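User: I've just opened this one and I'm new to it. Could you walk me through it with a few questions and answers?

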Amino acid sequence: MPSSCLAAPATECRDTASTTPAAQTRLRAASRPHKRRPKNWKPHLPRERLLERGPAALTDAELIAVLLGTGGGGLDVFDSARALLARFGHSLRDMLDADPDVFATHPGIGPARSAMLIAVTEITRRALIEKARERMPIDSPGAVEDYLRLRIGMRQHEVFVTLYLDARHGLIEVEESARGSLTRMAVYPREIVRRALMLNAASVIVAHNHPSGAVQPSAEDRRLTRVLREALALVDATLLDHVVVGTADTFSFARAGWL
């Protein structure tokens with residue numbers, strides 16, 4: 001017997017038998033691609049569990065083991081991963097914040113694995129920076145300082161960052177205005193003023209890091225802040241804050257009442 005669908009207009013043709021929940025479940029199962037497993041598939045190992053159940057099913061050490069791939073230095077991959085994590089006090093955050101040179105000194109981690117770990121930590125750091133920037137309320141000093149600590153707190157050399165804001169304190173642009181050595185850096189206020197004019201910025205927040213970790217501003221930091229504030233005022237722009245960033249702490253000129 002012909003299906004009633006054959007008599008219906010093409011745009012209205014449907015098989016009502018396929019609309020039941022049971023039929024839809026069978027259709028989805030039939031259309032789902034079948035995963036072919038290799039002959040050496042071992043579902044109890046971290047890599048296989050990661051693919052089957054997702055990353056949340058693995059411990060921190062197991063995730064590191066997946067990155068390392070194989071052992072080295074007389075250790076199997078799991079012992080090597082556990083030893084690497086223990087070196088940073090079992091803290092993934094401390095591991096991500098570590099000096100890249102530390103990885104190369106760990107037994108069994110040569111240049112290739114060291115480069116891979118450095119790349120993973122940098123990818124993670126950049127992704128966190130993007131996320132923080134998207135959600136950062138500029139009128140929240142704590143959020144701004146967290147963002148700056150994430151962006152420049154672990155740099156090995158001094159970096160000077162400028163945040164250009166519009167009249168409503170919306171973020172226009174973030175730029176690294178200067179880079180220096182371990183202890184010195186040349187900052188040119190006229191360049192920051194020029195960029196503020198180009199971007200039509202109404203206000204500015206500046207920040208720089210202290211690789212030593214100490215956040216107490218130097219006399220030069222205070223002089224630079226005064227010069228910047230006066231120079232920006234000439235073009236009707238306001239210096240909202242100057243933040244000194246360490247590895248774990250920050251110092252805000254605005255919060256200290258120095259602006």
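Predicted model: local features only at pLDDT ≥ 70, side-chain atom pairs only at ≥ 80, totals over all residues.

User: How many helices and strands does the protein chain have?

Analyst: Both kinds of element turn up in the protein chain. The count is 10 helices and five strands.

User: Let's zoom in. Is Thr 105 buried or exposed?

Analyst: Thr 105 sits in the loop between α6 (101–104) and α7 (111–135). Its relative accessibility is 52%. Exposed means over 50%, so with 52% Thr 105 counts as exposed.

User: Which residue's side chain makes a polar contact with the side chain of Thr 105?

Analyst: The side chain of Thr 105 also reaches a backbone oxygen, that of Val 102, at 2.7 Å. For a side-chain partner, look for the polar contact at 2.9 Å. That partner is Arg 87.

User: What about His 106, buried or exposed?

Analyst: His 106 is also placed in the loop between α6 and α7. Leaving out residues up to four places away in sequence, His 106 touches Ser 80, Ala 83, Leu 84 and Arg 87. Buried means under 20% relative accessible area. His 106 has 6%, so it is buried.

User: Now the pockets. Which element gives the most to the lining of the largest pocket?

Analyst: The largest pocket has a volume of about 590 Å³. Of its 22 lining residues, the closest to the centre are Leu 96, Asp 97, Arg 125, Leu 150 and Met 154. Elements giving two or more residues to this lining are α5 (92–96), α7 and α8 (141–152). With six residues, the one that gives the most is α7.

User: How many residues in that lining are charged?

Analyst: Sorted by class, the lining of the largest pocket has nine nonpolar residues and five polar ones. The charged residues there number eight.

Terms used
Residues numbered from 1 in each chain as written. Heavy atoms only, no water. Helix = DSSP H or I, 4+ residues; strand = E, 2+ residues; numbered from the N terminus. Buried < 20%, exposed > 50% of the residue type's maximum accessible area, 1.4 Å probe, protein only. Polar contact = N/O pair within 3.5 Å; in protein donor to acceptor, adjacent residues only side chain to side chain. 1 Å grid on protein atoms, 1.4 Å probe; cavity = no way out; pocket = protein on both sides within 12 Å on 5 of 7 lines; lining within 4 Å. Points joined across faces, edges and corners; volume = space filled by probe spheres on them. Nonpolar A, V, L, I, M, F, W, Y, C, P; charged D, E, K, R; others polar. Contact = heavy atoms within 4.5 Å.
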